Structure formats: structure tokens, C-alpha cells
Amino acid sequence: MLIRRPSDIRPSEITDPALYRERRSFITGLAALGATALFPLPASANTKLPSVKNGAYRTNSAPTPYQDVTTYNNFYEFGTDKESPAILARNFVTRPWTVMVDGLVKRPTTFGIDDLLKLPLEERIYRLRCVEGWSMVIPWTGLPLSAILKRVEPTGSAKFVEFTTLYDPKRMPGQRSSVLDWPYVEGLRLDEAQHPLTLLTLGLYGEVLPNQNGAPVRVVVPWKYGFKSAKSIVRIRLVEKAPLTAWMRAAPNEYGFFSNVNPAVDHPRWSQARERRIGEFFKRATLPFNGYGEQVAAMYAGMDLRKYF
Ligand SMILES: Nc1nc2c(c(=O)[nH]1)N[C@H]1C(S)=C(S)[C@@H](COP(=O)(O)O)O[C@H]1N2
Ligand SMILES: [Mo]
């Protein structure tokens with residue numbers, strides 16, 4: 001494999017899933033005592049996913065408990081309330097699965113999911129801030145999207161990247177409702193897609209992605225509102241013009257193409273100044289670019305971020 005690990009990762013930093021599992025076995029213990037109603041368990045334990053910890057991407061905050069990460073979700077293909085995805089995606093089958101990377105590239109390639117899983121993966125702790133005002137801190141496993149983009153060789157006319165979620169109403173019951181114009185489409189400017197923070201994500205908490213979190217593969221773009229991080233993607237297309245995203249189609253005055261986390265620009269129906277970290281009681285101030293400004297602000301130099309919201 002030609003993709004190399006960044007040189008700053010030492011082998012001693014290999015993830016120890018036992019650390020994460022301690023808490024889960026505690027919960028399992030409680031379940032055995034009859035506390036299942038308080039701590040509903042996932043239907044089955046997911047497969048471990050080996051990775052190397054990339055210490056360059058961590059935070060002082062404790063990760064959001066696995067239980068919250070996997071039971072409080074936005075995934076409209078499996079219902080519009082936060083609890084539905086964990087229930088309705090339980091039996092979602094993610095094999096076989098391919099991701100087609102095409103459009104304005106020299107080498108269009110279809111990646112099989114099991115080949116992606118064999119690449120050298122990293123674990124990075126990212127905060128994810130939902131446009132609705134909550135946030136989580138999650139240890140994600142994946143690889144920089146830039147590594148995949150490099151392999152397909154974007155042509156000079158490629159300016160944007162479009163992500164498309166699977167469309168299959170038989171398997172995704174939420175798609176039988178017209179709450180969105182399916183399939184779910186998202187997009188990034190090419191430089192954003194190539195930014196080292198943008199993670200093609202295959203797992204969390206040292207396991208393959210739970211279905212409700214976008215199995216088997218999604219993107220995570222931590223300086224943007226959560227909806228930019230499209231789940232269960234089947235196609236990544238390099239294009240010349242900014243893709244028309246599912247949310248812009250649904251409500252163009254509420255959701256812009258960029259959707260960088262910005263406490264100074266309110267959503268038309270609510271303030272974006274504060275957020276509730278799931279598991280915490282008090283709200284906290286939302287940071288520009290979700291706290292990743294040092295890494296990403298330069299990409300927007302000179303842009304009016306009120307206009308390009
Ligand atoms: N295909 C698809 N991707 C999606 C969504 C969706 O409804 N469909 N919801 C988005 C929103 S609004 C958020 S906040 C995040 C939530 O990711 P999580 O459930 O893993 O925390 O997924 C995003 N990706
Ligand atoms: Mo969201």
C-alpha cells in the first residue's frame with residue numbers, strides 16, 4: 001500500500017481498545033443486573049478495528065460516552081428523531097459495499113469497503129458540533145480523505161467534491177418519507193476535502209462504525225456543522241461547480257454550502273452561540289470553526305463568512 005503513516009506517529013501509540021472496553025464491560029455488568037432499561041445495549045458488539053493513535057488530533061475534554069455516541073444520532077435515512085437510527089439501522093446490511101470515486105479525475109476508482117478497512121488507519125479525537133446545538137467528542141478511526149483523492153488524481157478543472165449517501169428505500173426506511181430529497185448529498189470545496197483534518201471515517205471507539213453512525217464509511221469534517229459529515233457514502237465525485245446539497249435543496253436560507261461552525265452567525269430559527277456537550281449539564285460557548293480555526297481559518301481568508309455561511 002502506498003499510503004504512508006505520518007512520521008510523527010510512534011508504534012507505541014497503537015490504540016488499546018481495552019481502555020474503551022472497561023466502561024462497556026461495566027455497562028454490561030449493569031445490564032446483567034437488570035439495568036437494561038437505563039442503559040440500552042447495542043444489539044451486537046462491533047468488530048474491532050486496529051489503528052494507530054494520532055496524538056496531533058486530541059482534546060482536553062473526555063470523549064462522549066460510547067452509549068451516547070451510538071444512541072443519540074441524526075441519520076434521516078433511519079428516522080428523524082435522535083433515538084430512531086440506533087433502532088431502525090440495527091439490521092442494515094453493509095456488505096457488499098463499494099465507494100466509487102470518479103468525476104474529474106485521471107484514475108476513477110471503485111474501492112471495496114474491505115480494501116479501505118485494510119489501509120493504515122489512524123485514530124483521532126474530534127469534536128463534532130451539530131447545527132441543532134449539541135456536540136460530542138468522539139475517537140474516530142479513518143484516514144485522511146486526501147490520501148484517497150491523491151490516488152485518483154483530480155484534474156485541473158476539479159474544484160469541489162460531492163459525497164452521495166446510498167439510496168435504497170428498501171434498506172433505509174426513512175427514504176420512504178419525503179422529508180429530504182434523496183439521496184443525501186453533501187459537498188466540500190476541493191481544498192477543504194484535501195485538508196488534513198477531513199477524515200474518511202470507518203470506525204469509532206476502536207470498532208468498525210456502528211450502523212447508526214454511518215456504516216460502513218462516512219466523512220467527518222470537524223470544523224463544520226455535523227450535517228456536512230455525510231454517512232454511508234457510496235460515491236465521491238470530483239466536480240467543477242459547488243454541489244447542490246440535500247440541506248440547501250430543503251432550506252437554502254437556513255443551510256449554506258460552507259456551514260462552518262460560526263457562533264456569530266445565527267441559524268434563522270435559533271442562536272448558534274452556545275452548545276450543549278452531550279453528557280454535560282451546562283452549555284458552553286461555541287468556538288469559531290468549532291475550535292479548529294488555527295488549522296482551517298486561512299482557507300477562508302478574505303471571505304465574508306456571513307454571506308458564505
Ligand atoms: N446520510 C446522512 N448523513 C448524515 C445525516 C443524515 O441525516 N443522513 N445527518 C448529519 C447530521 S445532522 C449530523 S449532526 C451527523 C451526526 O453524526 P453521528 O450520529 O455519528 O453523531 O451526521 C450527519 N450525516
Ligand atoms: Mo446535525
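Which residue forms a salt bridge with D115? The partner is K118, and the closest N and O atoms of the two side chains are 3.7 Å apart; a salt bridge here is a side-chain nitrogen of Lys or Arg within 4 Å of a carboxyl oxygen of Asp or Glu. D115 is partly exposed, with a relative accessible area of 47%, whereas K118 counts as exposed at 65%. In these terms, buried means under 20% relative accessible area, exposed over 50%, and partly exposed in between, with a 1.4 Å probe and protein chains only.

The structure is a predicted model, in which local features need pLDDT of at least 70 and side-chain atom pairs count only at pLDDT 80 or more, while totals for chains, interfaces and linings use all residues. Residues are numbered from 1 along each chain as its sequence is written, chains are lettered from A and ligands numbered from 1 in the order in which they are written, and side-chain values use heavy atoms, with hydrogens and water left out.

A look at the overall fold comes next. The protein has 8 helices and 13 strands, taken as DSSP runs numbered from the N terminus (H or I, at least four residues, for helices; E, at least two, for strands). Of its 309 residues, 53% count as buried. The protein exposes about 14,500 Å², of which carbon and sulfur atoms supply 56%; accessible areas come from the Shrake-Rupley method with a 1.4 Å probe, and for residues only the protein chains shown count as cover. Among contacts between residues at least 6 apart in sequence, 72% join residues at least 24 apart, a contact being heavy atoms within 4.5 Å.

The ligand site is well worth a visit. Ligand 1 is surrounded by 17 residues, and the closest are N73, Y76, E77, R218 and K231; a residue is included if one of its heavy atoms lies within 4 Å of the ligand. By class, this shell has 8 nonpolar, 6 polar and 3 charged residues, where Ala, Val, Leu, Ile, Met, Phe, Trp, Tyr, Cys and Pro count as nonpolar, Asp, Glu, Lys and Arg as charged, and the others, Gly among them, as polar. On its own, ligand 1 has 530 Å² of accessible area, and the protein covers 98% of it.

Back to the charged pairs. Side chains of opposite charge can pair when their charged atoms come close. The structure holds 16 salt bridges. In one of them, E153 meets R107, with the closest N and O atoms 2.6 Å apart. E153 lies in the loop between α5 (145–152) and β6 (160–165) and R107 in the loop between β2 (98–103) and β3 (109–112), so the pair ties together parts 46 residues apart in sequence. E153 is partly exposed at 29% relative accessible area, and this residue, just after α5, takes a positive phi of about 55°. Helix α5 itself is mostly covered, with 6 of its 8 residues buried: L145, S146, A147, I148, L149 and V152.

Another salt bridge joins K228 and E186 at 2.7 Å, N to O. K228 sits in the loop between β10 (218–220) and β11 (233–239) and E186 in strand β7 (residues 185–189), 42 residues apart. Both K228 and E186 are buried. Elsewhere, R129, E275 and R277 are linked in a network of salt bridges.

The backbone also has some points to look out for. Most residues other than glycine have a negative phi, and most peptide bonds are trans. S232, in the loop between β10 and β11, has a positive phi near 45° and is buried at 0% relative accessibility. F289, in the loop between β13 (284–285) and α8 (293–296), has a positive phi near 55° and is buried at 10%. A cis peptide bond joins R95 and P96, with omega about -10°; P96 lies in the loop between α3 (84–88) and β2. The bond from W182 to P183 is cis too, with omega near 0°, and P183 is placed in the loop between β6 and β7.
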